[in-house]
Structures are given as structure tokens and as C-alpha cells.
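Here is a short report on a protein model. Look at the sequence and the structure first, then read on.

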Amino acid sequence: MKHYGAENIKNIALTGHAGSGKTSLAEALLFKAGATDRLGKTADGTTVCDFDPEEVKRKASLGTALASFEYNDIKVNLLDTPGLFDFAGGMYEGIAAAGTVMITVSAKSGVKVGTEKAYELAEENGKPRMFVITKVDDPDANYFNVLTELKTKFGPTVCPVVFPVIKDHQVVSFVNLIEMKAYTYDANGNAVETEMPTADVSEKLEYRMDGLVAAFSEAVAETDEALMEKFFEGEAFTQKELVHGIHKGMNEGIITPVVCCSAATTAGVDMLLKEIELLLPAPCDNKPVTAETASGDVVEVEYKESDPMSAYVFKTVADPFVGKMSYIKVISGVLKANAEYINATTGAPEKIGKLFTMLGKKQTEITEAAAGDIAVAVKISANTSDTICDASRILKIPAIEFPKPCYGMAVHAKSQGDESKVGAGVQRLIEEDKTLSYDMDPLTKEQILKGLGEQHLENAVAKLKSKFGADVVLTEPKIAYRETIRKKVKAEGKYKKQTGGHGQYGHVWIEFEPCVSDGLVFEEKVFGGAVPKNFFPAVEKGLQDSVKKGVLAGCPVTGLKAILVDGSYHPVDSSEMAFKTAASLAYKEGLKQADPTILEPIGKLFVKVPDENTGDVMGDLNKRRGRVIGMNPVKKGVTEIEAEVPLREMQSFTTQLRQITRGKGSFTLDFLRYEQLPGNLVSEVILSVDNSNE
């Protein structure tokens with residue numbers, strides 16, 4: 001592959017709702033551009049971008065794939081991202097590296113939540129956007145309804161550029177409003193110019209076409225004062241003015257072009273390739289990247305090949321055969337193979353070995369990648385979001401903000417002794433997927449794997465087995481219940497044993513009372529030497545060992561104060577072990593009398609939901625014994641609900657919230673404190689804890 005500068009590169013993230021045809025569109029683009037010699041199908045598992053065994057099995061994209069190809073002296077880096085919400089991290093990676101976000105919308109099912117999420121994320125990142133209405137050949141497709149939906153949802157920036165002419169539920173031709181030409185397609189997807197359609201095709205077509213042309217012209221006029229003047233004078237724009245206007249409007253975020261095609265027949269795909277070449281901004285047209293210098297100053301870095309090299313890692317793949325593969329977007333300068341740079345994130349030197357460009361899983365070695373390009377390096381130490389730069393100009397680019405993992409399960413190795421293999425494998429997966437986390441729960445001592453949903457964790461477990469040979473089982477995490485007491489009592493503990501020689505003798509009186517503490521508070525108020533001072537530590541040790549298990553369900557005891565007030569000893573038979581045992585006997589007897597109860601962990605919840613779903617979510621939280629503390633507007637149409645909820649009720653919340661909000665809701669949940677468990681649940685908890693300890 002030849003050298004391409006920042007003016008001849010197009011970086012495109014393919015995004016959209018699951019099932020809207022992203023991977024099929026990528027396949028059609030690669031085929032029509034001559035990068036592949038066959039048209040693969042998702043259903044058959046033969047596409048370029050869905051090559052992972054799990055993707056083939058599930059017939060869906062689970063990670064972002066890079067497919068680079070050449071077309072008419074430009075290089076296109078296509079980033080095919082997942083549409084499933086459980087794998088949203090891939091969309092964040094793709095949009096971070098893209099120069100344009102291309103959002104697919106099915107002509108059959110229309111605008112979905114995934115469409116809105118992709119658009120909003122692109123807008124937040126300041127990326128130009130383009131809609132591609134797919135599946136226009138489907139008998140149930142309705143292009144004009146979908147176009148109306150897009151305009152209603154995303155406003156006047158939506159601008160049709162290519163639209164289908166439909167007669168008797170079949171596409172008869174495609175009209176390109178830039179060229180003002182119509183094309184038909186043969187069975188092989190080859191275009192033939194035809195006459196512009198008239199009212200003979202459809203009664204509605206004439207006014208629809210007039211409306212589309214007027215909307216198209218007005219959108220272009222908005223980009224330039226001279227064009228606006230020309231528009232008001234009623235003059236037609238030249239093709240060059242139209243191209244320049246849309247190109248400029250996309251960069252400024254005031255035009256979102258809409259094209260259409262059929263990936264299955266490739267009809268219209270050649271026109272999409274033309275629009276990619278003519279309309280989509282190259283890196284040199286994109287906004288400069290904000291970065292921080294070594295001294296902490298904020299600077300803007302332009303896509304200039306003449307500047308010192310700076311780049312960032314936007315994706316990592318843990319490959320057990322090749323090693324770690326780092327997908328790198330070059331911002332400035334030229335990234336060269338076999339060169340040494342600085343990792344600005346860690347401060348360590350970074351040696352780049354071989355560089356590759358990717359076509360799905362096919363690697364082609366390259367010697368360098370210029371500003372604006374995307375390349376893959378292998379076996380480097382940098383992680384996702386790390387900045388790599390030339391030593392002459394240290395820059396740090398802000399890290400990608402990924403969604404926080406919210407659905408957790410406990411991980412157990414299937415075979416004893418495999419724990420280290422599991423731990424190492426999961427750490428490799430976390431390097432690859434920043435929406436996964438793996439930590440020990442400090443309360444239950446379980447290893448908890450967290451992700452964005454059930455499918456996400458299922459896929460992680462499958463990868464653990466196939467890539468790293470670590471077979472695990474996922475179970476619901478244990479709830480870290482605690483026990484405490486509610487009244488003050490005094491209890492005796494006496495341990496006396498005669499064994500022939502020296503016996504064992506320890507005798508204590510201990511007062512137990514509730515207090516505010518995370519564990520045991522020990523004091524002594526012994527008068528007259530009833531218990532010698534040298535046995536005080538033994539008494540405390542006996543109590544510390546005892547509070548690890550309560551008297552109701554065997555849960556650790558918290559909020560307990562123990563005061564040693566009296567006792568007796570034997571000058572020969574008393575020992576530390578005897579007093580330790582006596583203390584534990586007093587503990588068991590005392591806690592039974594002290595009105596013991598079970599405490600449950602309470603979490604602090606912040607959940608962002610669309611305004612129309614706040615009532616349903618609050619109703620769901622009430623069913624989970626949650627207490628709503630407050631509600632705050634986050635942005636237009638979105639409210640954040642603040643609540644306190646018992647953690648035992650929250651395992652299914654991720655799935656329920658997704659159902660209520662159709663995938664639009666998100667939340668964070670952190671441990672807050674312990675509270676007394678309602679009496680009607682105590683017997684249930686005692687039974688569940690007993691069963692889990694068997």
C-alpha cells in the first residue's frame with residue numbers, strides 16, 4: 001500500500017442499531033472498491049469484519065474491526081463497530097478514531113435507540129455525521145417514512161443526497177441530487193444512467209422530488225453567504241458548489257447528508273463510494289486534537305505530517321498467537337516501524353516493531369503511517385488511550401471515556417489450581433476491553449467480573465476458554481450481610497478442663513453493647529486483678545476471632561463493643577488459650593441475649609433516564625425497596641435519579657433498566673453503608689447464607 005497523506009485519507013466509523021446492516025454495508029463497500037473478490041454474508045459467517053469465532057457463532061459484531069482499502073487515490077479506514085448495547089465499548093473506540101461517523105438506518109425498521117446513541121456520541125465528540133439508509137430493496141422498506149423520522153428526530157441538518165425511486169414496492173432507480181442524474185442497477189450491481197423519473201412512476205414523486213431538491217439546495221446555501229445569495233436569486237448551484245457546500249457543512253456540523261443503498265445487491269454502493277471520496281472530510285479537514293504538554297499546557301494538534309510524531313492507541317486486541325495488537329491513530333508526523341518513541345501516559349520509552357494495515361484479520365505489513373492514518377503495532381506495552389509521541393514534543397491526548405461496567409457476576413475456576421490462569425486471562429481481556437472490570441469484593445472476598453450486560457460476560461467467558469484455556473463458571477455474587485446487636489447484655493464465659501497434669505482455666509465476664517464501628521471495639525475495666533493484664537490480649541484475640549461469625553447466619557459481626565469487666569484465674573492452670581476460649585464462650589452466650597439482627601448493604605445509585613421513563617424507573621426502584629433522594633436534570637430530555645437501594649435487590653436492575661428505557665438508561669451503583677434488614681426477610685437470608693456456605 002502506497003504512502004497516503006492527511007488530505008487523501010478517510011477514517012469512517014460505521015455505527016448504528018444492531019441489525020441495521022453495518023457489517024453488510026462494509027462488505028459491499030469492500031467488494032465494490034475491489035478490496036475483496038466476493039460478497040460475504042453475516043448469516044454465513046463469511047464477512048471480512050466479523051471474523052472472531054464468537055461473532056461467527058452469534059452472527060453479530062462484538063468488537064470493532066478495521067478494514068482499510070484504496071479507492072481512486074484515497075485510502076479509506078473503515079471501522080465496523082458493534083450495535084449491541086452490551087458491546088458499546090467498540091462504538092466508543094471507533095468514534096474516537098473516526099473522522100466521520102456513518103450511521104446506518106434500516107429502511108424497514110427505521111430510527112432506533114442505537115441510531116440515537118451513535119448520533120449523540122458523534123455529536124459529543126464533535127465528529128461529522130452521515131446517514132446511510134440500508135435495505136431499501138426490502139419489500140417492507142419505506143424510505144420516505146424513515147427520512148421523515150430522521151428529520152423529526154435530528155432536525156434540519158438532515159439533508160438527502162441520494163434517494164430511491166420506488167414503484168409497486170420495488171426500487172426502480174436511484175437519484176443523485178448532486179449530479180441530478182438517475183441510475184438503474186443490473187443484477188450484478190452495475191449502474192446504468194437512466195432518465196430522471198417523472199410523475200408517471202408515482203403521483204407523489206413529483207412534489208416529493210421538488211421538496212427534496214429545495215431542502216437540499218437550502219442546506220447547501222446555509223454554508224456560505226455567496227451561495228445563500230445565489231439561492232435567493234433562484235440560480236441553480238453547480239456540482240462543484242454543491243460538493244463544496246456539503247463538505248463544508250459536514251465539517252461544521254450543520255449538514256448531515258443522507259444516502260441510501262442495498263448492501264445485498266450492492267445497488268447504490270458505488271454512489272456511496274463517490275460520496276465518501278467527495279463529501280467526507282479528510283483528517284486535514286477535521287478539527288485539531290486537544291492535547292496536554294509536559295508542562296500542563298493545553299494545545300491543539302493539527303494533522304500535519306511535518307510536525308513531530310504523536311499518536312494514540314484507541315483499541316487493543318489480546319491475541320494469544322500474535323501477542324498484543326495495538327490499533328493506533330496517528331495525529332501528527334509519521335509513525336515509523338522499528339522506531340523508538342515515548343509513551344506520554346506512562347513516561348516509559350515505547351519501541352515500535354512491525355506495523356500493519358488490516359483488512360479484517362488479514363495483515364499487510366507497512367513501514368510507516370502518516371498523520372491521519374491508522375495502523376496496527378504488535379507487542380508494544382502501550383494500552384488503550386495511551387499517547388505515543390516523539391521525544392522532541394511530549395503530548396498527552398485525553399483518554400477515551402468508556403461506559404462504566406454495571407453488571408457483575410462472581411467468577412470461579414472450574415478446575416482447582418486454575419485460579420492463576422483465570423486471573424492472567426481476565427487481565428488480558430481487560431487490556432482489550434475497557435468496559436470490563438475484575439476486582440475482589442472486599443466484603444465477600446469473591447472475584448467479581450463486571451461488564452455491560454449478560455451477553456458481554458458470556459462472551460468474555462467464551463474468550464477466556466478459547467483464547468487462554470481458562471474454563472470458568474459465573475454465579476450471582478454473594479451479598480455481604482453483617483450481624484449486630486440491639487441491646488446491652490452481660491455474659492459469662494468459663495472454660496475449665498482437667499487433663500491429669502496441668503489443667504486449663506479461664507473465666508471472664510464481658511459486657512456487650514451496640515456501638516458505631518466497622519467491627520469490634522474492645523475495652524477492659526477489670527478491678528482488683530480479677531483477670532491479670534497479661535491475659536487481656538488473649539481475651540481480645542478470642543473476641544476478634546469470634547466476630548468473624550455471628551450467631552444468626554454466621555455473617556461477620558459489626559458495631560459491637562465488648563468490655564471485659566470481671567473474671568477469675570488459676571495461678572497454675574490459667575493460660576492464654578484458656579482465656580481466649582472463655583472469651584469466645586462469653587461471646588456466643590452474650591450475642592444470643594443481645595437481640596441480634598442482620599444488616600444488609602445499601603448502595604448509592606445514580607441512574608440517568610429519559611424524562612418519559614422517570615416514573616417507571618422510580619416505580620421499579622420502589623419495588624426494590626429503594627428510596628429516591630432527589631432528581632436532577634442532566635441535559636435536555638434526560639433526568640438523573642439519585643436513590644439509596646439495598647444491594648440484594650439490584651442484580652437484575654441492568655436488564656430491567658434496559659427494558660424500561662429501551663437501552664437509553666445508564667447508572668452507577670456504589671456501596672454506601674449498612675442498614676437493618678427488614679424482619680420478614682431475616683429467615684430467607686439465614687437460609688440463603690447457610691446454603692451458600694454448604
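Is N72 buried, partly exposed or exposed? The model is a predicted one. In it, N72 has a relative accessible area of 48%. Buried would need under 20% and exposed over 50%, so N72 counts as partly exposed.

**Two residues with positive phi**

Most residues other than glycine have a negative phi. N72 has a positive one, near 45°. Its place is the loop between β2 (65-71) and β3 (74-80).

R625 is also not glycine, and its phi is positive too, near 65°. This residue sits in the loop between α14 (614-623) and β35 (627-635). R625 is partly exposed because its relative accessibility is 27%, a value between the two cut-offs.

| Residue | Phi | Relative accessible area |
|---|---|---|
| N72 | near 45° | 48% |
| R625 | near 65° | 27% |

**The second largest pocket**

Rolling a probe the size of a water molecule over the atoms shows where empty space is left. The second largest pocket has a volume of about 1,500 Å³. Which elements give two or more residues to its lining? They are the strands β25 (407-413), β26 (437-440), β27 (447-451) and β37 (666-676), together with the helix α16 (679-693).

In total, 43 residues line the second largest pocket. Nearest its centre lie D441, P477, K478, I479 and A480. What kinds of residue make up the lining? It holds 20 nonpolar, ten polar and 13 charged residues.

Note on methods: Residues numbered from 1 in each chain as written. Predicted model: local features only at pLDDT ≥ 70, side-chain atom pairs only at ≥ 80, totals over all residues. Heavy atoms only, no water. 1 Å grid on protein atoms, 1.4 Å probe; cavity = no way out; pocket = protein on both sides within 12 Å on 5 of 7 lines; lining within 4 Å. Points joined across faces, edges and corners; volume = space filled by probe spheres on them. Helix = DSSP H or I, 4+ residues; strand = E, 2+ residues; numbered from the N terminus. Nonpolar A, V, L, I, M, F, W, Y, C, P; charged D, E, K, R; others polar. Buried < 20%, exposed > 50% of the residue type's maximum accessible area, 1.4 Å probe, protein only.
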